[in-house]
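Colleague: Could you take a close look at one residue for me and then walk me through its surroundings and a few other parts of the model?

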Amino acid sequence: MCEDLGFERLLGEEGFFARLLGRSPSGGGREPLYGPDLPVVLLTGGPGMGKGRLLRAVRDRFATKVPVIHVDCGSRVYADRAAPEPGARSAATEALTEAARRLGTWQGTGGSFAFPRLFAGLAMIATGVTEATPDAVAAEVERYGELPQRQRLPGLGTGDFWRGALRGAIRNLLTTLSGQTLDPYSASAANALLDALFASLAPRGRTELARIYGAYPGAAGQPEHGLRDLAADFQAGGEERELAESFLFRALREDLEAAYTGALGWLRRVGRPAVLLDRAESPLGEQLLRAVLSDRRGGQRDRVVIVGTARRADGGAFLYGGLPPREVPSPAEFRPTDGVPPSWSRRTDPGAERAPLADGVLLLRMPLLTGDQLRLETERRQRRAEPEGGTNRRRIDAAVAGLSGGRPHTVIRLAAAAADFLMPADANDRDILDAPLRLPGSGDSERPVADVLLQELILEQMPVRLPAEHHDHWLDLLTHLSVAHDTECADVLLRHHQSARVHRLTAHHVSQLLTDTGWPGCERHFIGDFGLRQLLVHRLYGLRPDGAAWYADHHLLRDHYTGRAAEEGAASGGAFRSVMAHRMNHHLVSGGVDDVVRHLAATLPGRPQEWCAELLEIAQAPYPGGADTRRERAQGLVAVDGPALRRTVDQLLHAVWLCEERTRPTGRETARTLAKLLDLLSIMEFDGAGQLGRTATEWSALAENEQPLLRCACTEQLGRRR
């Protein structure tokens, strides 16, 4: 996998991250962006957009020049490490400790970092160990033994006013409490540890602890009270524990800031340190983001660059304080194609301290791959000798572009699977999804690339707020919803496929979960991402032999809208102009082609413009698996009974269906077919026929340029990729 694919502008010598960190990948100084008040940068984009890949690339490019720490907030390792001592550890404290330990071994300019302020807080919560003895408390404190003091560098000072804090604290604690059995957070344990901490520090160290922990909520400037309250809040759990954990994150940033201040820090340190929070949409990641954003809104200032990931396009609902994002001023945002990063500043009006957290955010929109980048990636991986002047590669390029929409991870996987794949001349783009893919480290085992993508984009990126009881059938629900257009038909499918379950999801729930996961919406398709929908359609057709699951879902929806049409006549059809058009769409793709042709032929006279709009809606549908006769039928090569009007409508329906499915090339041949058929209709003897000549010109021009005839959010994006 090419780690910098699509990120060249962001990672270059003059790129966004070089300026944000104040240092280029080669080590040259750069004028820092923003400051002294820094925004939290959130990389926004759904699954497969490369957020984690970009963070790893930033770490790999810059970590030898400036201190850059990568934390995977979605990893279970932190909770697993905390599990043996739930009263003294948490996932948050383990993540902070790991970050501090890595920085404590950093060997770049200025050397390693010390974390005495963080150590003091961790030492206090260590008194909550399960086995409440002095030895157990001391053993827990010793886990943080390397944090309060830097590794010694020859010829440089090492922060003497912190020296001895750990050794003195443990020694005094053991001496004072020898032979006692402690209750967690008993006064004797807390007092002994506090006395040990403060007694072993030089005056400057005591002043620093007083400044930091005297500011703990409710401490009233008294550091001893602050440390006791921090330990008590941690033990209390819930929101109180989150408050304590958030304050520990502040202490870590204060330790980093201290290393850069003063004469020695100014001389020895360069650039800005950074903490990269991968999978920050997880509860741990959101908690850490909320902590730093709240601190900075309240006036805390530090030079630590915080970069997190966000699946949602708006950065996450927690940023808006319960208000709909549309009622809050939009955060600043940056798209790499913009070139120059935007200016950014925090609100300074009287209500700034109560502003939503979004005020402190800069959204970096993850880039889609350009057409040139996509073609280069597929060409780089092609190993087959090119037949007929590169026809196969061009067909693969088109399939990868269509199914990925420029989503980098999907491009990389499809391009790798297509390295030895030969596309049939009249293939559907979805045919490439059956291409075998061998993942790195998997030996000789291969899997269809569709299975790999579904695993990586859906099963490994479950919505954070999806209840656990729905995890086992989330993929199945999305698979069936691939044929839905709006919330009404989605709810029909959901009721049917969850009928045996006590706990059920509604279309509204699923729509919110998809939005939270970063999948885009579309006004005409419930699964609004074209590439994801094609993956799910492919899976749906293969769930049961001969596409039985596909046909069953479409029959279910056809029957639902048959009943609705009988009850309400021509009432609104949701994503369609009418209930009848919605019904005919599902009837078309479930075996009712002849019925649809009869309906269209009967309703054309007298209403050509309305009829054309209805035809586009009906034909905007995927084609089932198996042999595809649409092209031959559109060209009149398949015998069809009936009068001339009906035969011509039959051909036109199949030509439009080819154009609207968006998974096959159309080009000049189909454009000529469209124009010819519409021109034929325009000279027939029915009311309004002459109006179809203009439509022939418009539709054929769109088809010739591979553009959708009926635009919606997902086909608009697809049209720009091809």
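Which is E140, buried or exposed, and what is its relative accessible area?

Modeller: Happy to! This is a predicted model, so local features need pLDDT of at least 70 and side-chain atom pairs count only at pLDDT 80 or more, while totals for chains, interfaces and linings use all residues. Residues are numbered from 1 along each chain as its sequence is written, and side-chain values use heavy atoms, with hydrogens and water left out.

E140 is buried, because its relative accessible area is 4% (buried is under 20%, exposed over 50%, partly exposed in between, with a 1.4 Å probe and protein chains only). Leaving aside residues up to four places away in sequence, E140 touches E85, A88, R89, A126 and V129 (heavy atoms within 4.5 Å).

Buried positions also turn up in strand β3, residues 274-278, where five of its five residues are buried. In a regular strand, side chains alternate between the two faces of the sheet. In β3 both faces are covered: A274, L276 and D278 lie on one side, V275 and L277 on the other, and all are buried. Strand β2 (residues 68-72) runs parallel to β3 and is joined to it by five bridges (strands pair if DSSP finds at least two bridges between them); here V71 stands opposite L277. Strand β4, residues 305-310, also pairs with β3 in the parallel sense, over four bridges, and I306 of β4 is the bridge partner of V275.

On to the rings. The model has nine aromatic pairs (Phe, Tyr or six-membered Trp ring centres within 6.5 Å; planes under 30 degrees apart are stacked, over 60 edge-to-face, the rest tilted). One of them is F16 with F17, edge-to-face at 5.2 Å centre to centre and 85 degrees between the planes. F16 and F17 are both buried, and together with F334 they form one aromatic cluster.

Finally, charges over rings: the charged end of R630 sits over the ring of W657, 5.2 Å from its centre (NZ of Lys or CZ of Arg within 6 Å of the ring centre and within 35 degrees of the ring normal). R269 lies over the face of Y260, at 6.0 Å from the ring centre.

Key: Helices (H or I, at least four residues) and strands (E, at least two) are DSSP runs, numbered from the N terminus.
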